[in-house]
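Biologist: Could you walk me through this model, starting with one chain and then moving on to the other?

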Amino acid sequence: MLKTFGALLILIAGILFGLFQSQSLARRPKQLRQLGLALKRLETEIGYGATPLPEALKTSAVSLSPPLAAIFLDAAERMTEPGTVRTAAECWSAAVQRGFPRTALKEPEREAILQLGATLGISDTQDQLKHLHLALHHLAVEESHASDEERQYGKIWKSLGVLGAALVVVIML
Amino acid sequence: MNDSIHDLLPPGIQAVLSKLPGEVVRTLEEIRIREGRPLEILYGSRHGFPDAFGRLSPFPEQAYIPSREECVRLLDVLTRHSLYSFEEELRRGYITVAGGHRIGLAGRAVLEGGKVKMLKDVTSFNIRYARQVKGCGGRVLPQLLDRDATTVHHTLVLSPPQQGKTTLVRDLVRLISEGTRELPGGRKVGVVDERSEIAACVRGVPTFDLGPRTDVLDGCPKAEGMMMMIRSMSPEVLVVDEIGTLQDAEAVWEAMNAGIRVIATAHGRDLEESGGRPALRKLLQEGIFRRFVQLTRQGERFDARVKELAGPRLRQARAPDELEVRRC
């Protein structure tokens, strides 16, 4: 009786672990897509609206899921802080440092958005658009990688969780 | 230095300025920041180069030298982190910030079709303090009055830069709008403030006191703005700053013939010098301006000499002694 119960626990744990792993694999391409959309929005705000950066960041954050939106809002907040003499780049990188660990994104994206941050707000419209395009391109590449990875390993993780748990159960029984 | 300018400056320069003697801070007129070259300040018609400890010297050897990083930071903060939304300002070469202070910029011009599109690599900043000196027009206004028509004469205010033209005009606007003993009830005043200097509007609302009957058209090209004002706001007195181009003169001429009294300013030492400029020559030759105010600065005060066209100098008006310097 007790053995069956333990085996069941191990199985459930294995399945959950597999699910969790495949979920976090699925989150990355999703967040990358969202980030891409937000940057497109930022592009519109800058290119057509000439909206000041803090407001533009706030509007772009609307469509984002919480961990990513937090980065945009945090950066906007830091820029509008009264008496601040920090540059946009500093505000942005500080916001990214703080908010990034909570997202499912990885190092290459981090590089891309930090690089984008270094150029935000310091040049004319055309230049800004170029930099945004570049960042979007980077993200698109990463997104296709991430989707591939998800397709490849998502199922593997799920089955691996079940099978691993079953193996442990079999060995222990 | 507890004002809006101080908050914009990079920490290094902030530190230098906060160590300046109080007397200097009180009469501060310009802060000139040039990348890789000595920091300069102008105060009370004098100039000096402060070192890192805020000690002023007439020689630049020991002076504090703003770095590239500080200049980049300053521009970033001035443009509210959005250079792209300040392209128009960069094309004109200055930015007006809260409090009416104007920051002149110089760098490398980017051309498009032979015209300046914007400034790149901005390396020189001239931060000009704007101060409202209430009452400085009190002695001048009575001499500009057209007593028959109970309004003011067409007036041209002339002076070289930095002598207080805008300050005087600002106060005249306030006085005409509020009304004085000689001009009871005041008049409707329209201000076309192309450079946001007279009213220093922030989001369309003047930050200087221009009286209760004043409308301001902010950031609008003068020639177009004057016509818009005439058509839409029915001003009795129209005020414009720094007329210089032929279109400006044309619009002034138009307004004058529309029965509106015009007060305008122009750069120039005196009538002869201004008459040499094509735009003004026509206006002067037509003899429409009835009063000329010539300004010369003396320390913290200025001398305003009012002349009637082709007539003798009326009287030398001095700015009042109890001149109150109001910090903004």
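Modeller: In chain A, 32% of the 173 residues are buried, where buried asks for 20 or more other C-beta atoms, placed from the backbone, within 10 Å of a residue's own. This is a predicted model, in which local features need pLDDT of at least 70 and side-chain atom pairs count only at pLDDT 80 or more, while totals for chains, interfaces and linings use all residues. Residues are numbered from 1 along each chain as its sequence is written, with chains lettered from A and ligands numbered from 1 in the order written.

Biologist: How many helices and strands in chain A?

Modeller: Chain A has six helices and zero strands, taking helices as DSSP runs of H or I with at least four residues and strands as runs of E with at least two, numbered from the N terminus.

Biologist: And in chain B, what is the order of the strands in the sheet?

Modeller: The open sheet of chain B has seven strands, ordered E4-E3-E2-E1-E7-E6-E5 with antiparallel pairing, where a pair needs at least two DSSP bridges. Strands E4 (56-57) and E5 (94-96) of chain B each have a single partner strand, so one side of each is left without a neighbour in the sheet.

Biologist: How many bridges join E5(B) to E6?

Modeller: Three bridges join E5(B) to strand E6 (residues 102-112) of chain B, and Tyr94(B) stands opposite Gly104(B) in E6(B).

Biologist: Switching topic, how many residues of chain A are in contact with chain B?

Modeller: 17 residues of chain A are in contact with 14 residues of chain B, contact meaning C-beta atoms, placed from the backbone, within 7 Å. Helix H2 (53-61) and helix H6 (125-172) of chain A are the elements giving two or more residues to that side of chain A.

Definitions and conventions
Buried ≥ 20, exposed ≤ 12 C-beta atoms within 10 Å, placed from the backbone. Contact = placed C-beta atoms within 7 Å.
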